[in-house]
Amino acid sequence: MDTIYEKIADIVGTNYVSNAAEELYLYSRDQGVQQARLPDYVVMPNSTEEVQKIVALANEEKIPIVPMGGALVLSGLTIPQKGGIVLDMKRMNHILEVNEKSHYAVVEAGTAQGMLQAYLKKHHPKLKHSVPDAPPVATIAGNIAIHGSGHLSQSEGGFHTEMVTGLEVVLATGEVVKLGSCSTVPKWFSRAPIPDLAGLFMGWNGTTGVITKVGLKLFPSPKLKDVIMFMTEDVDSIPDILFKIIDTEMAEDIAFFVSPKPAYFDGFQLIMISVVANSEKEMKLRLELIHESVREYMDSKEAGFLPLPPYMKVKLLDAPQKNLSEFADIMKGGGFEYVGAIMPVESIPEAYRAGLEITSKYGITYSMGARVVGRGSCVMFYYAYPFNRADSENMKTVAKALEESNEKALEIGGIPWKTEISGQQLILNRMEPETYKMMTEIRKLLDPNGIMNPGNWEVQS
Amino acid sequence: MKKEYADIIHRCFRCGWCKLPTNYQDFNCPAYLKYRFETFSSGGRMWLLRAWLNGDIQTSERLQQIFFSCVTCKNCVEACALPNIKDKLVDIFIAAREDLVEQGTVPPPVRDYLKAMSISGNPYKKPQAERGAWAEGLNIPRYTDEEYLFYVGDVGSYDEVGMKMARSVATLLSDTGVSFGILGEDETSDGNDVKTLGEAGLYEHLAKQNIDILKERGVKKIITLSPHGYNAIKNEYPNAGGTFEVYHYTQVLGLMMNDTMPKGTLNKKVTFHDPCYLGRWNDEYWAPRFALGSIPGIELAEMDRNMKNALCCGGGGGNFFTDILGTGEDSAAQVRVKEAVETGAEILAVACPICYKMLDDAIKAENLEEKIRVMDVAEIVNESRK
């Protein structure tokens, strides 16, 4: 008899724990090119109390535990490197509170981005949250655990972790802690003014604890939306153009992208600008100011706005955009993975050229681009490479291209985001030793038995 | 596994769009909603199927449960992000079941259902002679040269709720002067659910038997009680040599409501549950709504998940008979009736005998009898005429 299985089943019920070959197979891998590693159990808790008991058991038995949200990270962060328990959080998907007067929501960690979107649309149509480009089953807490960003990251303050107003976390030793204002008063409005402990769990990829609840900022949802597309062939002008548009403070979302397909797009640098407004008059003014900001480029005939047919506008205004998932089928192979490097806006031309060099070297197709974060303090620059899942050689080639993209991103002053273990090693090799030492000591303090997503963010010999 | 399917299985990215309706409201794949493991989502099923075909996963009871828990509702087809594979998803799952059936490795309830269909010609193991018993006392002629054949199917012929529904529809058709007859004891199962459960050979046998008798009797136009029968006869029988003009009964009612139908008034708030085999499988969303909306006094309230986003009752793909999904608070039917109650409707209207039974049972399981009751569209029209 598997006593661990029995003990877990006592906590969540037999329907929500599995050590069957089918679940172990599927939870051993993600959609990217990282190597599969089998878990021993897949467990689906339904409450903080259940998470607490499972983590306490894992800690007592020294069993690794890997929290998992939407299973869409692509870079292997929820692949259990050392076996143990994969904690699928998607049963914990209740929207606990929407405070319309104070513009925040409190949700359980497994709440899907799409479900919160749908809920707000129905019950609080004047409010919205920042939606990532990931499919709508991506979870709120999953995106917090990886420092994700989304369609309000340009205009509303940056990464999704910067939009968090509070957390509830189960520590590796089994205690439940509340972080932010909710630790002191029964409201989830802010992480300030008390010492900010939430940072110990945000962006840590589940290596310090299990996030069970999230307080999240909500933003106004103006009724009118439009999208315009600016185009140039000169990549060196992109940072300047981006800042001209950013500085108008008229755009909600600004994203730069290039793609060799369709063929007529090849060589064009495109900037997608989303604009929202409460009235036609406001929309007109916003669009005019954006046009005015790039007037010198238009007058020089070096760049201009691309006319967009209505059907394309509808697609581009969707958040998230469904056609991003279609990229996985470019090679008729059901896969893509990307390096998303956080870097300064000024690095875009160099990052773009590096991408062209890498894709040419490996003979692979690509999509590259960047989303502006935090009014231009940085961008998330992505190198996305599709692959054919049925072609192992093609997958190996893409894995090499991803690794080289990680290296290049660091070389030009960026830092790979939600990166694979190999990318983490590259970062740790460059990190100030005292910073890494502090990270390690914090982890030891929070997780004395090293059960939380082990294998990640550890210098490997 | 057909090559055309085997060649594309690896193209599923497992991005998870298939779990949700297009408005993202909640999980809309009944198997995933119930079990919540990634393995029970359409994407998970695609990846497991590939692993199984590659020999990385062996046939097991769990694998059978995963494949046979799909209710073929086509939410995944509607929501999938990949235009080049989405239309084939359910066909692929049915093909996987065919492989399991061929191996003789199916869950016991599937085995028992297919055995009953082979031996008795119906899942209830009842005598063929009783197929027309539902019509007793209604004076419906056996089909000779009437304009329409009313095709009832297994659930309408043998299940208590289905029989009640068949009588409602037949009564309404008779009262409205529609010229129709039935096959009674000469009717054969339409085979729709046999096909979706992967027994292609038995389905072909049943279809041929039906087509032969329909042709022999000179049937040209058919009205079906069940959307499942409607789907089989309309879309599958032509491939087996049987082409007929096929209507679901709500389509006929929809046509009659404006002129020939004597209507009364019914002051009730009603919400309509779209049957998957009428809606997503056959793109018919308006006929039942038109029929209901034509009744003076009825206030139609839509559930948040409606039409292409409707949550299946959980009875499709043979699950009504095999109950692989089972009951419980996360079962599709129980979730669906709670959603219906949220609209404030007193009547949950259905157009399928399987949905009727599934949702009726769910109302009881959820103790919602005081708040809402299930009625089929014909029953509602009849009620308005009292």
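How many residues does the contact take from chain B and from chain A? The contact takes 32 residues from chain B and 35 from chain A, where two residues are in contact if their C-beta atoms, placed from the backbone, lie within 7 Å. The model is predicted: local features need pLDDT of at least 70, side-chain atom pairs count only at pLDDT 80 or more, and totals for chains, interfaces and linings use all residues. Residues are numbered from 1 along each chain as its sequence is written, and chains are lettered from A and ligands numbered from 1 in the order in which they are written.

On the side of chain B that touches chain A, helix H3 (42-53) and helix H4 (61-68) of chain B each supply at least two residues. Helices (H or I, at least four residues) and strands (E, at least two) are DSSP runs, numbered from the N terminus. H3(B) gives the most to this side, with 4 residues. By class, the side of chain B that touches chain A has 15 nonpolar, 8 polar and 9 charged residues. Here Ala, Val, Leu, Ile, Met, Phe, Trp, Tyr, Cys and Pro count as nonpolar, Asp, Glu, Lys and Arg as charged, and the others, Gly among them, as polar.

H4(B) also packs within its own chain. The axes of H4(B) and helix H6 (residues 89-103) of chain B come within 9 Å and cross at roughly 140 degrees, which makes H4(B) oblique to H6(B). Axes are lines fitted to C-alpha atoms, for helices over the stretch in contact, and angles run from 0 to 180 degrees between N-to-C directions. Angles under 35 degrees count as roughly parallel, over 145 as roughly antiparallel, 65 to 115 as roughly perpendicular and the rest as oblique. The crossing of H4(B) and H6(B) is left-handed, meaning that the near helix is turned anticlockwise from the far one by less than a right angle (right-handed if clockwise). H4(B) contributes B:Gln64, B:Phe67 and B:Phe68 to the contact, and H6(B) contributes B:Phe93, B:Ala96, B:Arg97 and B:Leu100. The residues of this contact of H4(B) with H6(B) divide into 5 nonpolar, 1 polar and 1 charged.

Chain B is assigned domain 1 (3-106), domain 2 (118-254) and domain 3 (262-384), the bounds coming from an automatic or database domain assignment. The C-alpha centres of domain 2 and domain 3 of chain B lie 22 Å apart, and 27 residues of domain 2 are in contact with 26 residues of domain 3. Helices H8 (153-158), H9 (160-175), H10 (192-196), H12 (227-236) and H13 (249-256) of chain B each supply at least two residues of the domain 2 side. H9(B) gives the most to that side, with 7 residues. The residues of the domain 2 side divide into 12 nonpolar, 12 polar and 3 charged.

The axes of H13(B) and helix H18 (residues 377-384) of chain B come within 10 Å and cross at roughly 35 degrees. The contact is made by B:Tyr249, B:Thr250 and B:Leu253 of H13(B) and by B:Val377, B:Ala378 and B:Val381 of H18(B). By class, the residues of the contact of H13(B) with H18(B) are 5 nonpolar, 1 polar and no charged.

In chain A, the assignment gives domain 1 (3-88), domain 2 (95-220), domain 3 (224-321) and domain 4 (324-424). The C-alpha centres of domain 1 and domain 4 of chain A lie 29 Å apart, and the contact takes 9 residues from domain 1 and 12 residues from domain 4. The side of domain 1 of chain A that touches domain 4 has 4 nonpolar, 5 polar and no charged residues.

Chain A also holds an open sheet of 8 strands, in the order E15-E12-E14-E13-E17-E18-E16-E19, with antiparallel pairing. E15 and strand E19 (415-417) of chain A stand at the edges, each with a single partner strand, so one side of each is left without a neighbour in the sheet. Two strands pair if DSSP finds at least two bridges between them. Neighbouring strands of this sheet are turned by 25 degrees against each other on average, direction ignored.

Strand E12 (residues 224-232) of chain A is joined to strand E14 (residues 269-277) of chain A by 9 bridges, and the two run antiparallel; A:Met229 stands opposite A:Met272 in E14(A). E12(A) is joined to strand E15 (residues 303-306) of chain A by 4 bridges, again antiparallel, and the bridge partner of A:Met231 in E15(A) is A:Gly304. At E19(A), 3 bridges form the antiparallel link to strand E16 (residues 334-343) of chain A, with A:Ile342 opposite A:Ile415 in E19(A). Helix H7 (residues 280-293) of chain A packs on the sheet, touching E12 and E14 of chain A, and the direction of H7 makes about 155 degrees with that of E14(A).
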